[in-house]
Amino acid sequence: MPSIKTKAIRIYETGGPEILRYEDIDLPDPGPKEVRIRHTAIGLNFIDTYHRSGFYPVPLPSGLGIEAAGIVEAVGDSVTSFKPGDRIAYGGSPVGAYSQAANVRASLLSKLPDNISDQQAGAMMVKGMTVRYLFKETYKLKAGDTILFHAAAGGVGLIACQWAKHLGVTLIGTVGSDEKAELARAHGCAHVINYRTENFVARVKDITGGKGVPVVYDGVGKDTFLGSLDCLRPRGLLASFGNASGPVDTFDLGLLAAKGSLYVTRPTLMHYTSTAADLAATANDLFDVVAKGIVKIEINQTYRLADAARGHADLEARKTTGASLLVP
């Protein structure tokens, strides 16, 4: 089959950032129902470090990355929804976005409106669509709600702060430094807790008059899981959507009864965008709030694709804020 040469990040084993290899690969013509994308902006997400480390196993050797924006270069058989020259973006697809070009299933792509830049799209699809499903599907927020959101100054967190404020929701956010506290506050976080100097459970109880919150959104994992349960009101919901501090160990289900008949869910973007209708609704809601300026996408770190290892190291060392991009 005809192919083109392109540069990509590949891994041949699991481990630290040093295992990333920047090399030439042969990219075949797109197959049936596939589209070849020339990437212009590639998202850097914490889940990428899970794939690299083996925490979320992928068949080896493998590419990395699940989010990018770019231009359609070619379409395979049976593709009618896209044509060469279209601007597109995707998030949550099989790994392989860390590349100058890639073949992606057409069903995973969203056509970009003119008022969304490639850089915005490359940095926001996974994070923004995550916030959208968390707020509108996992627990349907309404004006007047008070919620707890961990890592409020991160890429997902800064979007959540802005979107919550737009919805009339009071967001309590945790952060790891005074600088991150200022960043979260500037983006609409109503109450900021520095978990390194404050007990976030006690502060949440204080803010809510002892009642707790109806929902906690926790992308941190092991370090915050039990404390998150203690922040919930009776019959509250913990949405554990990430493991930045490590996986949550097995725990006694009886705790959910003892702490107030609580609910716990472990949602993923893939299951909330698995149909064409769900993907369109999720992406279009995100495009709408960004185009209107309700949610601003803060790209605070940019790395060359060849320097992806440095991006991974910075992400895992908590040196980043907002979104990070790789530039092919």
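Leaving aside neighbours within four places in sequence, Thr138 is in contact (heavy atoms within 4.5 Å) with Tyr133, Leu237, Ala239, Thr265, Pro267 and Tyr272. The model is predicted, with local features needing pLDDT of at least 70 and side-chain atom pairs counting only at pLDDT 80 or more, while totals for chains, interfaces and linings use all residues. Residues are numbered from 1 along each chain as its sequence is written, and side-chain values use heavy atoms, leaving out hydrogens and water.

Thr138 belongs to helix α2 (helices are DSSP runs of H or I with at least four residues, strands are runs of E with at least two, both numbered from the N terminus). With 15% relative accessibility, Thr138 counts as buried (under 20% relative accessible area, 1.4 Å probe, protein chains only). Its side chain meets that of Tyr272 in a polar contact of 3.0 Å (a pair of N or O atoms within 3.5 Å, one able to donate a hydrogen and the other to accept it; residues adjacent in sequence count only if both atoms are side-chain atoms).

Helix α2 (residues 118–138) also packs with helix α9 (residues 276–291), at an angle of about 110° and with the axes 9 Å apart. The two helices are therefore roughly perpendicular (65 to 115 degrees). Among the residues making this contact are Met124, Met125 and Arg132 of α2 and Leu279, Leu286 and Phe287 of α9.

Now to the loop between α2 and β8 (146–149), where Asp145 is found. Asp145 counts as buried at 7% relative accessibility. A polar atom of the Asp145 side chain lies 2.9 Å from the backbone nitrogen of Lys142.

Terms used:
Axes fitted to C-alpha atoms, helices over the stretch in contact; angles between N-to-C directions. Parallel < 35°, antiparallel > 145°, perpendicular 65-115°, else oblique. Buried < 20%, exposed > 50% of the residue type's maximum accessible area, 1.4 Å probe, protein only.
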